[in-house]
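Reader: I have a structure to learn from. Please show it, and let me ask about the terms.

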Amino acid sequence: MDKALRIYAWFLLFVTVLPAVARLARPRELARIMLLRYQDPKRRKRARIGGMIYLGLSLFAVPFLLRAEMHQERWLVMAVLVGAISALEFLLNSRLFDEDALARQNRYFGGVYASLAIAVALLLFTR
């Protein structure tokens, strides 16, 4: 694996481990923070728009997957997955108004991010 791809792999590992830990270690506290943040309807709207933009960018990247070299393809798949999951989380968080529902959703997304982190680590350490 070339040096730039390895640096990107470490970055991808970091951006999957960090949200996994935050969402699994303190889901309720994170839910309270999100509720405070999204009390303002303008912030909710920006989060929905941002989620749609992130999802659009993730979908825009799919054709590049088809043209990527084999050794880069796995990393692009992981990057697209991380982007799509983040976009989905933005969209869903902006629609919830209940602390219990947000805490439960944090646990779900924490598990998804942890799974992605494990997959990234396996790709990184087996290459």
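**Cores and a helix pair**

Author: Leu12, Leu13, Trp75, Met78, Tyr113, Leu116 and Val120 touch the most other members of the largest nonpolar core, which has 17 residues. The model is predicted: local features need pLDDT of at least 70, side-chain atom pairs count only at pLDDT 80 or more, and totals for chains, interfaces and linings use all residues. Residues are numbered from 1 along each chain as its sequence is written, and side-chain values use heavy atoms, without hydrogens and water.

Reader: What makes a set of residues a nonpolar core?

Author: Its members are buried Ala, Val, Leu, Ile, Met, Phe, Trp, Tyr and Cys residues, joined through side-chain atoms within 4.5 Å. Buried means under 20% relative accessible area (1.4 Å probe, protein chains only).

Reader: What does Leu116 touch?

Author: Leu116 touches Thr16, Met78, Leu81, Val82 and Ile85, leaving out residues up to four places away in sequence. Contact means heavy atoms within 4.5 Å.

Reader: Why are α2 and α5 called oblique to each other?

Author: Helix α2 (residues 27-37) packs with α5 at an angle of about 125°, with the axes 8 Å apart. Angles under 35 degrees count as roughly parallel, over 145 as roughly antiparallel, 65 to 115 as roughly perpendicular, and the rest as oblique. Therefore α2 and α5 are oblique.

Conventions. Buried means under 20% relative accessible area, exposed over 50%, partly exposed in between (1.4 Å probe, protein chains only). Axes are lines fitted to C-alpha atoms, for helices over the stretch in contact, and angles run from 0 to 180 degrees between N-to-C directions. Helices (H or I, at least four residues) and strands (E, at least two) are DSSP runs, numbered from the N terminus.
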